[in-house]
Amino acid sequence: MGKFKEALKDFQQVKRICPNDPDATKKLKECEKAVMKLKFEEAISLPESERCSVADSIDYHTIGRVPTQSSLLTPVAVVSAAVATVATVVKLVGPEAAAKVAMMLVVAGACWWNSGLFFGSGSRDLNLEVEPQYSGARIEGDVVTLDFVKKMMEDFKNQKSLHKRYAFQIVLQIREMLRALPSLVDINVPEGKHFTVCGDVHGQYYDLLNIFELNGLPSEENPYLFNGDFVDRGSFSVEVILTLFAFKCMSPSAIHLARGNHESKSMNKIYGFEGEVRSKLSETFVELFAEVFCCLPLAHVINGKVFVVHGGLFSVDGVKLSDIRSIDRFCEPPEEGLMCELLWSDPQPIPGRGPSKRGVGLSFGADVTKRFLQENNLDLVVRSHEVKDEGYEIEHEGKLITVFSAPNYCDQMGNKGAFIRFEAPELKPDIVTFSAVPHPDVKPMAYANNFLRMFS
């Protein structure tokens with residue numbers, strides 16, 4: 001959850017107990033840096049009500065045109081903003097930290113300049129022509145086609161990049177699609193047709209390709225639901241998310257996407273996606289993905305009988321599907337309430353409810369699952385969120401299935417992956433398991449926060 005401020009107190013206590021421990025000293029220093037960075041970001045951030053949408057400032061049709069002079073921030077404005085920021089930060093963290101903050105301003109300014117943010121909303125990104133020599137996948141006009149997606153997937157497989165012009169188009173188009181959806185999406189599978197549910201993929205692109213090899217590409221005749229945690233940990237998260245988004249743009253009914261707890265700023269900042277986006281795309285895309293993740297639906301119901309959610313159920317009884325539909329999801333996940341519990345909760349083997357091993361959400365027993373299903377006239381809960389040795393686990397007297405689709409998680413767990421096929425009208429779960437496939441020699445967490453890598 002990125003609770004560096006709380007962690008700092010613990011490391012300070014460890015340091016007092018073990019003053020000569022080099023490992024404790026190193027981790028304390030890294031945590032202090034992380035806390036200082038957070039204070040700096042808080043100081044320069046605008047109130048939520050005053051923030052402008054990055055997506056609303058970008059028209060992918062105009063990418064490649066030179067920005068107008070009126071869109072450029074003048075050096076005077078930049079210096080004025082920096083002076084105001086230093087004054088604000090000094091008030092927040094005290095004069096002793098002023099030198100550190102000033103240094104961070106210099107570093108941040110260099111990063112912003114390189115990313116183009118001194119020129120409005122990343123106009124250096126927007127001043128990109130598609131070069132004649134570019135040999136990668138191209139979108140002709142506004143329509144994402146299957147040929148484009150196949151070419152893009154093959155390029156990604158060969159570790160080639162997609163031009164930012166087309167990455168912008170995919171992400172902006174998917175944002176408009178997702179914004180129009182309810183927080184709880186109803187899916188209809190006609191009689192005799194099938195539907196596939198996948199769990200966490202976590203940036204394991206080559207295993208995603210293997211799922212499509214085993215089960216076919218997403219299409220109207222072969223629809224999928226990917227149940228959150230598309231990104232983080234695995235170091236091919238950009239390739240995963242652009243592939244899933246592109247399929248959704250190509251055919252909205254071919255693929256459904258649910259939000260997981262890792263589709264959030266706090267998790268992406270720590271577990272690698274933010275760093276990977278910054279490395280492979282740009283700073284502008286970091287903000288853009290954060291906006292889009294806030295548009296993802298929270299849960300799905302298949303044919304009125306199968307409830308699919310990333311995490312789990314609730315701290316109170318009596319939650320109806322209508323309550324989930326009414327959740328205002330267009331925000332970062334809170335640390336309590338229905339939205340938090342949908343993304344974070346886990347089943348437990350004993351009845352009742354208990355504290356979460358994760359420190360957020362809760363654990364819930366078979367009796368909680370049974371009551372929720374009865375009260376909403378449902379037959380089954382499908383959720384993800386937890387690695388399982390066989391890629392899945394059936395719990396709660398057969399009324400709850402966990403499915404996890406990232407085999408050999410983080411290249412070290414040795415688990416299988418799984419997906420579930422349902423065929424209408426019975427919707428009996430047919431679970432398919434698979435093993436990990438080789439991938440290029442890029443380690444998991446390659447783009448993760450330095451502080452977290454100390455514990456890897």
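This is a predicted model: local features need pLDDT of at least 70, side-chain atom pairs count only at pLDDT 80 or more; totals for chains, interfaces and linings use all residues.
Helix α8 spans residues 205-215, and nine of its eleven residues are buried, so the helix is largely enclosed by the rest of the structure. The buried positions are Y205, Y206, D207, L208, L209, N210, I211, F212 and N215. These residues pack against both helices and strands: the helical partners are α6 (146-157) and α9 (237-250), and the strand partners are β2 (194-198), β3 (224-226), β13 (417-423) and β14 (430-434). Just after α8, G216 adopts a positive phi of about 90 degrees.

Among the strands in contact with the buried residues of α8, β13 is itself mostly covered, with five of its seven residues buried. Strand β13 is paired with β2 in the antiparallel sense over five bridges, and in this pairing V197 lies opposite I420 of β13. Strand β13 is also joined to β14 by five bridges, the two strands running antiparallel; here A418 stands opposite T433 of β14. The hairpin formed by β13 and β14 has six residues between the strands, and within this hairpin L427 takes a positive phi near 55 degrees.

A further set of strands is arranged in the parallel sense around β10. Strand β6 (residues 306-309) pairs with β10 in parallel over three bridges, with V306 placed opposite L380 of β10. Strand β12 (residues 400-403) likewise pairs with β10 in the parallel sense over three bridges, and R383 stands opposite T402 of β12. In a regular strand the side chains alternate between the two faces of the sheet. In β10 (residues 380-383), L380 and V382 point one way, whereas V381 and R383 point the other way. Side chains directed either way from β10 belong to buried residues, R383 included.

The remaining site is M267, located in helix α10 (residues 265-271). M267 has a relative accessible area of 3% and is therefore classed as buried, the cut-off being under 20%. The C-alpha atom of M267 is separated by 7.8 Å from that of D232, although the two residues are 35 residues apart along the chain.

Key: Residues are numbered from 1 along each chain as its sequence is written. Side-chain values use heavy atoms; hydrogens and water are left out. Buried means under 20% relative accessible area, exposed over 50%, partly exposed in between (1.4 Å probe, protein chains only). Helices (H or I, at least four residues) and strands (E, at least two) are DSSP runs, numbered from the N terminus. Two strands pair if DSSP finds at least two bridges between them. Contact means heavy atoms within 4.5 Å.
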